[in-house]
Amino acid sequence: MDSAPKTMMMPTAVAFFEDEGLRVRSLMNNTRTVELDLGRILCMQGGDGDGSYARNSEAPASAITLSKPFILLAIRSMKLFPDDPSLRIADLGCATGYNTLAAIDLVVETLRRRYRVECNREPEFEAFFSDLPSNDFNTLFRSLPPANGDEKQRYFAAGVPGSFYHRLFPKRKLHMALSFSALHWLSKIPEEVLDKGSAAWNKGRAWIDGAKKEVVEAYARQSEVDLKAFLKCRREEMVEGGVLFMLMAGRPSSERPENQLGDPDSRAKHPFTSSMDEAWQDLLNEGLIDEERRDTFNIPAYMRSVEEVKAAFEGCEGLEVMGVEYRRLVEHPKEKQEEWVRDPASYGKAKANMVRATLKPIVEAHLGPTLCEELFKRFQNRASADIDMLRKTCFYGVILVSAVKN
C-alpha cells in the first residue's frame, strides 16, 4: 500500500491545519485543497481492543487456512539453498495479530523439516514483517513468542516499514516473499475519482462495486500499475529460485470489474457496500456532513480477476507463475449466522467492529474522531436492522498465486 497525494476541492473559510496524513491549505478562491497521504494513515486498526484488527480478522484467518495446501506445495517444490547459513522470509502487508505469526510459523517449520531431511542440517531463519509505517508494529512484536535461552531461536524477527509497491530490501535478499490479504489495497485513490469535474467522480458511493464505468476503469488502471510495481520490486529482491506466494481478495473471472463481489447476496451484505453507503447517507441526512465530504471518501480497494493477475506477471519477466487459482470462502459458519438472526444487535456490533478494524484510520483522517465514531454507530444500526439481510450468505473471493524467481 503506497502513498501519493490526492487533491480534492471543497469550499471553506480561510484556515490552515495539519493532522496525521491530512493537510489543508486555504486558497484565494475560497476553496481548500486536501492532500490525503494514504502512506501515513492506511493501516489496519492497531491495539487489541474490540475494534482492533487483531480481534476482527477471522476472514483473513480463514483465507490463510484455505491457502495452507497451496503454501505447502510451493515450499515442497522450491529449490533449497544448502550453502546459505540463513533463509530470509518476508511477510509483506503483515498488519498485526495472530495471522501473520501463524503464517510465518507454518513456512519456517515446513522449511526446517525439509532441510533436516534433505540436507541433514537446519539453517537459521530471518523473518521480516513489513507494512506501512502507520502499522502497529508495537502490538505485533509484543505478540512474538518469547526467546528461550535453553532452546534454539525459532527465527530472528525484524520490522521493515514501507510500501510494498516500492523496494524494501537489497537485491537478491529474500528466499521467500509472502503477502496475505493485502494486495487488494491500492497505493492511492485514482486522481480522477477525486475530481468533481471528472466523469469518474464517485458520487454517493464509498466504494466501486456497482459504480459507473469511468470510476471502475480508473480503479482498474491503478490496480494494474500497482500490481506490476509490486512484482518488479519482488523480482529484484528475491534470490534465483526464491518463491513468491500471494493471497489477495479477488473476483470471479466471469464477473466484470464493476461487479467486484460476484453473487447478489454477497454484493448486498459485504461491509463496503449497502450498510456503508447507508451510514454515510445518514450523516448527510442529519446535517452532520455535506455531500462533498461524503463523495470525497473512497475505499482504496480493488478485487482483481485471475486474468488481471496473470496479465501483470506476463509484463514482468523473471517471475514464473507456478499456480494461480480463484477460491471463495463463506463469511461465517451457518451456526453463527443462525445465532445472529436470533440476536441481530450482536451481529451489528460484530460487523461494525470488523469495519472499524479495516477502515477506522482512513475514516478518522477524513472525518475526525467524533464523526468517525458517529459513522460506525450508524453502520452498526443499519447492519442490525435488516433481518432479511442477516439471512443472506456473503462469500469472500480470494486469488492464490505462487511464482518462482528465474
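Visitor: Which residues does Met-176 touch, not counting those up to four places away in sequence?
Guide: Met-176 touches Ile-75, Met-78, Arg-88, Ile-89, Ala-90, Val-107 and Val-243. Contact here means heavy atoms within 4.5 Å. The model is predicted, so local features need pLDDT of at least 70 and side-chain atom pairs count only at pLDDT 80 or more, while totals for chains, interfaces and linings use all residues. Residues are numbered from 1 along each chain as its sequence is written, and side-chain values use heavy atoms, with hydrogens and water left out.

Visitor: Is Met-176 buried or exposed?
Guide: Met-176 is buried, because its relative accessibility is 0%. Buried means under 20% relative accessible area, exposed over 50%, and partly exposed in between, using a 1.4 Å probe and protein chains only.

Visitor: Where is the place of Met-176?
Guide: Met-176 sits in strand β8. Strands are DSSP runs of E with at least two residues, helices are runs of H or I with at least four, and both are numbered from the N terminus.

Visitor: What separation do the C-alpha atoms of Met-176 and Ala-127 have?
Guide: Their C-alpha atoms are separated by 9.8 Å. Along the chain, Met-176 and Ala-127 are 49 residues apart.

Visitor: How many bridges join β5 to β8?
Guide: 3 bridges join them, and the two strands run parallel. Strand β5 covers residues 86-92. Two strands pair if DSSP finds at least two bridges between them. Ile-89 stands opposite Met-176 of β8.

Visitor: And how many bridges do β8 and β9 pair over?
Guide: They pair over 6 bridges, in the parallel sense. Strand β9 runs over residues 238-249. Phe-180 stands opposite Leu-247 in β9. From β8 the chain crosses through helix α5 (residues 213-237) to β9, and this β-α-β crossover is right-handed. Right-handed means that, with the strands pointing away from the viewer, the path from the first strand over the helix to the second runs clockwise.

Visitor: How many residues of β9 are buried?
Guide: 11 of its 12 residues are buried, so β9 is largely enclosed by the rest of the structure. β9 is also joined to β11 by 7 bridges, and those two run antiparallel. Met-248 has Ile-399 in β11 as its bridge partner.

Visitor: Zoom out. What order does the open sheet of 7 strands have?
Guide: The order is β7-β6-β5-β8-β9-β11-β10, with mixed pairing. The edge strands are β7 (156-161) and β10 (319-330), and each pairs on one side only. The twist averages 15° from one strand to the next.

Visitor: Which strands does α5 touch as it packs on the sheet?
Guide: α5 touches β5, β8, β9, β10 and β11 (395-405). Its direction makes about 150° with that of β9. Angles run from 0 to 180 degrees between N-to-C directions, and axes are lines fitted to C-alpha atoms, for helices over the stretch in contact. Helix α9 (residues 306-314) lies across β9, β10 and β11. α9 runs at about 160° to β10.

Visitor: At what angle do α5 and α9 pack?
Guide: The angle is about 45°, with their axes 9 Å apart. α5 and α9 are therefore oblique to each other. Angles under 35 degrees count as roughly parallel, over 145 as roughly antiparallel, 65 to 115 as roughly perpendicular, and the rest as oblique. Ala-220, Leu-227, Lys-228 and Leu-231 in α5 meet Glu-308, Val-309, Ala-312 and Phe-313 in α9.

Visitor: Is the crossing of α7 and α12 left-handed or right-handed?
Guide: The α7 and α12 crossing is right-handed. A crossing is left-handed if the near helix is turned anticlockwise from the far one by less than a right angle, and right-handed if clockwise. The α7 and α12 axes come within 8 Å and cross at roughly 125°. The contact includes Trp-280 of α7 and Phe-379 of α12.

Visitor: New topic. Where is Thr-273 found?
Guide: Thr-273 is in the loop between α6 (264-269) and α7 (274-285). Thr-273 counts as buried because its relative accessibility is 7%. Leaving aside neighbours within four places in sequence, Thr-273 is in contact with Trp-207, Asp-209, Leu-261, Arg-267 and Ala-268.

Visitor: How many helices and strands does the protein chain come to?
Guide: 13 helices and 11 strands. The protein chain has 406 residues, and 55% of them count as buried.
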